[in-house]
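Please read the following note alongside the model, point by point.

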Amino acid sequence: MTPVDVVKTRIQLDPVTYNRGMIGGFRQVIANEGAGALLTGVGPTFAGYFLQGAFKFGGYEFFKQQCINYMGIENASNYRTGVYLASSAAAEFFADIALCPLEATRIRLVSEPTYANGLIGGFSKMLKTEGVGAFYAGFGPILFKQVPYTMTKFVVYEKVAEAVYRTFPKKDMSDGMQTTVNLGSGLIAGFAAALVSQPADTMLSKINKTKGLPGEGTTSRLIKIAKELGLRGSYSGIGARLFMVGTLTAGQFAIYGDIKKALGATGGVEISK
């Protein structure tokens, strides 16, 4: 997914230059910088998604269980949409604390290819020259992006899977068919989540591109960026992001389901009817 992420970020940061869509963006990056540029930021991308995924999926199940313990299984099942929303939001908050420094490093490497050589070099340089605060300059935007994104992702996934299993009972499905359901539900959930969170994703790319002016706070920078972008500008790179998030989310849910099966935890914290 790193090449798609690179193209998506370039479109967001420089829509005037990268104005030919996802395929055209690939060609422009390769023509201008070589194919290797498509792997810029691969280290922080991998580390960030790995950490975030661990916190997100594990936290989601954990917080669902806490809701069940507090509400009781019957109430949790009756109000399961609220449980899905609250559990995913709480899980994402903690996941973003881990993700934010890596995402800031990734965006800096992609926006300034000569900034540093890889994750360790970029992370160290930002820490030394700008301090810890630079890693969390985008924490507000990342919450604004990721919390609605994750809430949408899990709720849509649960609802789509629930609808499928009402028609085709899960107990009658083979393992392969269950994986297919996870893939399909995850793909739809990824598309929905990408659309909901795209404006905040664009703002996050912008705010992490460069340092703020002396005395300029994060809030004032965000307001300034939002005014400059407008609604249309905030959806720059949506094609690349739909592709990236849709396929990534489908894969995540398929792998997550298979891991639970391998560990004998296929029931999870089930409250669907």
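1. Does Glu 162 count as buried or exposed? At 6% relative accessibility, Glu 162 counts as buried, where buried means under 20% relative accessible area, exposed over 50% and partly exposed in between, with a 1.4 Å probe and protein chains only. This is a predicted model, in which local features need pLDDT of at least 70 and side-chain atom pairs count only at pLDDT 80 or more, while totals for chains, interfaces and linings use all residues. Residues are numbered from 1 along each chain as its sequence is written, and side-chain values use heavy atoms, with hydrogens and water left out.

2. The side chain of Glu 162 meets that of Arg 166 in a salt bridge, at 3.3 Å from N to O; the term stands for a side-chain nitrogen of Lys or Arg within 4 Å of a carboxyl oxygen of Asp or Glu. Because the two residues are four apart in helix H7 (residues 139-167), about one helical turn separates Arg 166 from Glu 162. Helices (H or I, at least four residues) and strands (E, at least two) are DSSP runs, numbered from the N terminus.

3. The structure holds 10 salt bridges, and another of them joins Lys 171 and Asp 172 at 3.5 Å, N to O. Here Lys 171 is exposed at 73% relative accessibility, and Asp 172 is exposed at 57%.

4. The salt bridge between the side chains of Asp 201 and Arg 241 has an N to O distance of 3.5 Å. This pair links distant parts of the chain, with Asp 201 in helix H8 (residues 175-207) and Arg 241 in helix H10 (residues 238-262), 40 residues apart. Both Asp 201 and Arg 241 are buried.

5. Helix H3 (residues 42-71) has 30 residues and reaches 42 Å from its first C-alpha to its last, close to the 44 Å expected at 1.5 Å a residue, a span taken as 1.5 Å times one less than the number of residues. A kink of about 25° in H3 is centred on Gly 59, the bend at a residue being the angle between axes fitted to the seven residues ending there and the seven starting there. After H3 comes Gly 72, whose phi is positive, near 90°.

6. The structure holds one cavity of 30 Å³ or more, a cavity being, on a 1 Å grid over the protein atoms alone, a set of points where a 1.4 Å probe fits but cannot get out, with lining residues having an atom within 4 Å of a point. The largest cavity has a volume of about 180 Å³, a volume being the space filled by probe spheres set on the points, which are joined across faces, edges and corners. Of the 21 residues that line the largest cavity, the closest to its centre are Tyr 49, Gln 52, Lys 145, Gln 146 and Met 244. H3 provides the largest share of this lining, six residues.

Definitions and conventions. On a 1 Å grid over the protein atoms alone, a cavity is a set of points where a 1.4 Å probe fits but cannot get out, and a pocket is an open set with protein on both sides within 12 Å along at least five of seven lines; lining residues have an atom within 4 Å of a point.
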